[in-house]
Amino acid sequence: MRHTGFTVHDGLLLAQGLGVSLGLFAGTFALGLVLGSAAAVVRHFRVPALGAALHAGLELLRNSPVLVQLFLVFFGIPALIHQPLTPVVAAGVTLSANTAAFVYFIAVAGLDAVGRDQVEAARVYGFSRAQLVRHILAPQAAAFALGPLVGLAVNQLQVTSLVSVIGVMDLTKAGDILNLRTLRPFAVWTMVGALYFAAAKGLTLLGHHWERRLRAHAPPLGF
Amino acid sequence: MIAVEGVVKRFGTQTVLDGVSLTVAPGEVVTILGSSGSGKSTLIRCINGLERLDGGRITVDGLDVANPRQLAQARRLSATVFQLFNLYPHMTVLRNVTLAPEVVLKRPEPEVAAEARALLASVGLADKADAYPAQLSGGQRQRVGICRALAMNPRYLLLDEVTSALDPEMTAEVLAILGRLASQGTTMLFVTHEVEFARRISTRIVFLDQGRLIVDLPTADFFDPARGLAHPRINQFLSKMTPVGERP
Ligand SMILES: Nc1ncnc2c1ncn2[C@@H]1O[C@H](COP(=O)(O)OP(=O)(O)OP(=O)(O)O)[C@@H](O)[C@H]1O
Ligand SMILES: [Mg+2]
């Protein structure tokens with residue numbers, strides 16, 4: 001005999017799945033943000049071989065499906081290193097790298113948007129590269145990049161749903177389990193969709209809030 | 001002393017500086033004159049290390065600007081004021097002035113800020129310390145540019161056409177400040193089209209013509225019809241620059 005009705009446990013299952021999705025998103029987005037920005041800085045200073053290699057690698061990541069990357073990491077790497085990867089590790093690696101690729105291109109555009117003349121001024125005044133990044137490039141590039149980054153974040157949150165196919169117990173996987181038991185796909189996937197929507201909407205609102213705050217405190221740029 | 005020795009700079013096949021030699025000793029105000037495209041800005045950019053040399057040598061108090069370590073030190077000795085101000089748009093006027101002394105010279109913030117406020121007051125910008133560059137007029141921005149340079153306590157001030165983006169009234173504001181600095185003994189290497197002003201404040205005037213430094217004379221000699229003015233290129237240049245009534 002099957003329990004096809006919804007129970008309190010189902011709510012917990014979904015909440016747990018949502019937690020995993022959000023946690024995976026937050027962790028991989030933060031890591032991707034750091035890695036992608038670092039790569040953009042390397043690129044900006046035209047570090048000879050490294051810059052070109054990073055650019056090529058990240059371009060590959062940006063232009064191939066995340067699902068394929070996920071399979072490559074989850075099935076491909078263990079075959080190479082003869083060591084299994086847990087689904088969560090594979091998901092974390094893949095999503096971080098994928099996020100880094102998109103952040104990289106946004107950050108490169110942000111860095112390029114900072115006027116060359118002030119960069120020259122800072123160099124002439126004796127700033128080291130690190131000081132130049134910290135005081136001149138990063139604050140202005142971040143202001144340019146914030147809008148695109150909020151868009152990226154919302155997208156990457158949805159992309160986390162792919163990790164359910166390699167067995168990560170995220171929100172989509174929870175929906176899957178619930179669906180198999182209750183056999184009420186319409187109700188289940190509506191609920192799952194609504195939860196993703198709520199999370200994405202919250203993220204967008206948070207992003208807009210930051211953008212507004214930044215703009216309110218932002219210096220009047222432009223000439 | 002800034003010593004420029006036989007400097008060659010090429011862009012592609014074009015030779016922009018062709019064996020330029022020049023010295024600026026402490027206390028001097030040396031003006032570089034020359035028509036558009038003669039290489040004046042390029043020379044300044046070679047001295048402050050923004051361009052790589054294709055030949056010759058530049059030293060600032062003995063520090064070779066072609067050597068990255070020595071360039072970093074040389075850059076603490078000189079400060080540049082730019083034609084288009086090149087202020088940091090995301091920072092207040094005060095921060096524009098205090099940033100390099102704090103970050104590069106590692107001087108304590110309160111001391112630097114107090115000095116910066118005094119500098120701003122000395123150029124009539126005491127009430128603009130918290131404004132952003134975009135909220136200032138061109139003349140005000142350039143005065144901030146000058147304060148930013150002076151805040152480094154530089155031994156040498158490099159100025160590249162610092163008034164050519166300004167209207168006559170703002171030009172007068174900025175020149176008045178530079179005149180005061182010159183009379184206080186500030187060492188300057190000064191690119192300008194303001195010939196009359198240069199004549200008043202310079203100890204020496206050099207003339208660049210198509211990348212060659214063809215004349216280097218004390219100011220009085222430069223305007224002597226038998227010396228500097230005897231040179232056809234210079235005569236031609238000055239006849240275009242100076243109102244006829246003011247010519248010697
Ligand atoms: N980055 C560059 N690439 C190629 N050519 C350049 C570059 N910078 C300057 N030049 C060329 O070098 C020559 C000298 O330029 P420079 O800017 O030094 O002249 P200038 O004497 O300062 O002129 P102006 O009075 O108009 O400012 C010009 O022919 C210019 O086109
Ligand atoms: Mg010029």
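1. The side chains of Arg45(B) and Glu120(A) meet in a salt bridge, with 2.8 Å from N to O; a salt bridge here is a side-chain nitrogen of Lys or Arg within 4 Å of a carboxyl oxygen of Asp or Glu. Between chain A and chain B the count is one salt bridge. The model is a predicted one, in which local features need pLDDT of at least 70 and side-chain atom pairs count only at pLDDT 80 or more, while totals for chains, interfaces and linings use all residues. Residues are numbered from 1 along each chain as its sequence is written, chains are lettered from A and ligands numbered from 1 in the order in which they are written, and side-chain values use heavy atoms, with hydrogens and water left out.

2. On the side of chain A that touches chain B, the elements giving two or more residues are helix H5 (116-124) and helix H6 (129-159) of chain A, where helices (H or I, at least four residues) and strands (E, at least two) are DSSP runs numbered from the N terminus. H5(A) gives the most to this side, with seven residues. By class, the side of chain A that touches chain B has 11 nonpolar, six polar and three charged residues; Ala, Val, Leu, Ile, Met, Phe, Trp, Tyr, Cys and Pro count as nonpolar, Asp, Glu, Lys and Arg as charged, and the others, Gly among them, as polar.

3. Taken as a whole, the interface brings 20 residues of chain A into contact (heavy atoms within 4.5 Å) with 28 residues of chain B. The two chains, A and B, bury about 2200 Å² between them, and 64% of it is on carbon and sulfur atoms; buried area is the accessible area (1.4 Å probe) that two parts lose on being put together, summed over both.

4. Ligand 1 has 13 residues around it, of which Ser36(B), Gly37(B), Lys40(B), Ser41(B) and Thr42(B) come nearest, a residue being near if one of its heavy atoms lies within 4 Å. Strand S2 (14-24) and helix H1 (40-47) of chain B each supply at least two residues of this shell, and H1(B) gives the most, with three residues. The shell around ligand 1 divides into two nonpolar, nine polar and two charged residues.

5. Oxygen atoms of ligand 1 also come close to named polar atoms of chain B: a polar backbone atom of Gly37(B) is 2.8 Å from one such oxygen, and a polar backbone atom of Gly39(B) is 3.0 Å from an oxygen of the ligand. For His193(B), a polar side-chain atom lies 3.5 Å from an oxygen atom of ligand 1.

6. The secondary structure of chain A comes to eight helices and zero strands. Its C-alpha atoms fill a box of roughly 80 × 50 × 20 Å, taken along the principal axes.

7. Within chain A, the side chains of Glu59(A) and Arg62(A) meet in a salt bridge, at 3.6 Å from N to O. Because Glu59(A) and Arg62(A) are three residues apart in helix H2 (residues 48-62) of chain A, they are separated by about one helical turn. Over all chains the count comes to 16 salt bridges.

How values were computed: Polar contact = N/O pair within 3.5 Å; in protein donor to acceptor, adjacent residues only side chain to side chain.
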